[in-house]
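Work through the two exercises below with the sequence and the model side by side, and try each task before reading its solution.

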Amino acid sequence: MTISITSILARMFASATPIALAGIGGLFGERSGISNIGLEGTMLLSALAAAVGTHFSNDPWIGLTCGMVCGLLVSLLHAFLSITVKVDQIVIGLVINIFSANASVYLLSVFFRNKGASPTITKLPYVSIPFLRDIPGMSEIFSNISVLTILAVVIMLIAQFLLYQTRFGLHVISAGQNAKAAFVMGVKVKRTQYLSVLIGGLCCGLAGSYLSISYLNMFVKNMVSGRGFIAIAAILIGRYNPVGVMLASLFFGLADASQIALQGTVSIPNEFVQSIPYVLTILVVTVNEWRTRKLSPV
Amino acid sequence: MDADMKKPSESVTRARDSILIVAISFLIALFVGALILLLQGENPIEVYRYLLVDPLVSKNGLLKVLGKATPLIFTGLAGTFAFRCNVFNIGLEGQLYAGALTAAVLGYTLQGLPPWLHLSICFAGAMITGAACAFIPAVLKVKFGVHEVITTIMLNYIISNIISMLVINYFRNPGETARTPYVLDSARLTQFKLPEQANWGLVIGVLLCIVAYWVFSRTVFGSHVDAAGKNLLAARYSGINADRLVIITMMLSGAVAALGGLERVLGAFGYMEVNFSPGFGYDGLVICIIARMNPLGVLIVALLMGLMSYGGMNLNIMTTVPLEWVRILTGLIFAFVVIGNTLLKQRGGILFHKKSLQAEDAV
């Protein structure tokens, strides 16, 4: 098998999309002071919701809506428990991840009478972008691209604007930096945090739906396989900034694309090749934290 | 003043509150579970009889429950060691697999050893591998400030890949797809009664829980771990080497999780199979949080989980309720206990907030 650079780039965009969507949404919660390690579980349940919605309506757009609503509901639960009830944020993330993993298998057997995967379903459309597809050598990438990949770029731009150019963005940042000071200055801290977590949930809904009705054409048990945590890594590496998170996601996308391309073409076992994205995540996060420590005054 | 004198000691109140919270959460979860069953057109009373009562009335059933609970005792205890020090070791699953493979390989390759020596080598090997797997995230946390949640999860995927590579390419039993040969008799943990899986690993697990309880309640090391877990900065100022504690507790946690894998391999199955664990590591996290990081509580909760695990299989055979429904029930109990614990910590909880707290509460 020959490996062409454009096919790797095309795969890079495909693999980066769910990480970018979840990461850019998730950074709002982080910025407002609410960590969400439940991104993984939120994506998993949304992926299932999107598959169920698509299967029973035969319309992937209705499936996408189901996925988004599911993401919102799960993150509403996260917001209620972490902001109102004030459960430890990591513990509540664990609850959501473990509960989602359990619930998805149960719901899979209830809806589809199958414990491993859903039947195949209709995918969201893949489109071709005028002008970009005419760039020499780039046609393979831009003539067949998921609508959600394009949406991820749009969301990145919106997020960048929302965070740095609007009053809401200022409130998010101030709530995260010093909640009490923000409260005294008249920021509605809890409302801001709720909205931030819900933005994350909505984007996780998109990310999960992407996996089941665009990247693949079915829901598979445990199909998120660590992408939610890689999205958290992307948030850290991207310095809590939408464009940065997008760049970090592209890096992880590239790692995943090279992993897929390397399988079977090199003489090292596939299991090692498959581990590349996970090893890189640990390495990159370590270097990132180490640099942050060195830069920040003690 | 008199009323104060009569108050029971803090640890007794804590234990009583914990038991109360778990009991209430369990009942609410059963109620919600019953609603789900009614939606599916099942009879909840019959389902709960198969789930919770049937396994306990026969001797074989009891043994099966104990067998199912044993790995959970180990992983629950493993979680406790790290969580006490406020380190979230989500890598229990990977550490369990690493220990299982080491035990299996040492168990079938070393020939002609007396059982006590062979078993000791297997135990040492498994514990070292598990501790080594936990050492990586611990050092990254202490030296570079990398959060252990990301590293341990990533390591779970990496370890799982490496383990299946090793089993399939190097330690495969000829003729099988993805499992090792049977371990030698000298490395087996004897089962109480075939074929119910309960074995001497259970006794070891119970003893470990008792030792851990003693360590946490009676030793200087235990009190240092608790101090570092509750307030890292204060612990540092009082001269506790918190970095070293993080590394030690993580390695202990990994070693105990590895014993959970060893117990399955040397006790229950006799061989190691790729993907044998239905999530013992993740269940361990659930158990230690429900038990509020109390080793004796871990024992009780693990037995309850064992009951539900075997009862769930029972249910799957006797009714049309899917096996996974039990996992929903577990998830619900977990969620309710976490909420209950938090409300308790806030003395009175969200329903009874004092007016003066509202400004503080707004942020």
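A polar contact is a pair of N or O atoms within 3.5 Å, where within protein one must be able to donate a hydrogen and the other to accept it, and residues adjacent in sequence count only if both atoms are side-chain atoms. This is a predicted model, in which local features need pLDDT of at least 70 and side-chain atom pairs count only at pLDDT 80 or more, while totals for chains, interfaces and linings use all residues. Residues are numbered from 1 along each chain, chains are lettered from A in the order in which they are written, and side-chain values use heavy atoms, without hydrogens and water.

**Exercise 1.** Find which residue caps the N-terminal end of H8(B), and determine which residues of H8(B) are buried.

*Solution.* Begin at the N-terminal end, where a side-chain oxygen of B:Asn199 lies 2.6 Å from the backbone nitrogen of B:Gly201 and so caps H8(B). Next, with buried meaning under 20% relative accessible area and exposed over 50% (1.4 Å probe, protein chains only), the buried residues are B:Gly201, B:Leu202, B:Gly205, B:Cys209, B:Ala212, B:Val215 and B:Phe216. They lie on the same side of H8(B) because they cover an arc of only 145° around the axis, taken from the directions from the helix axis to the C-beta atoms. On the other side, B:Trp214 and B:Arg218 are exposed.

**Exercise 2.** Describe the interface of chain A and chain B.

*Solution.* First, count residues in contact (heavy atoms within 4.5 Å): 47 of chain A and 51 of chain B. Then turn to polar contacts, of which the rule finds five residue pairs across the interface. Finally, H12(A) gives the largest share of the side of chain A that touches chain B, 13 residues.

Terms used
Helices (H or I, at least four residues) and strands (E, at least two) are DSSP runs, numbered from the N terminus.
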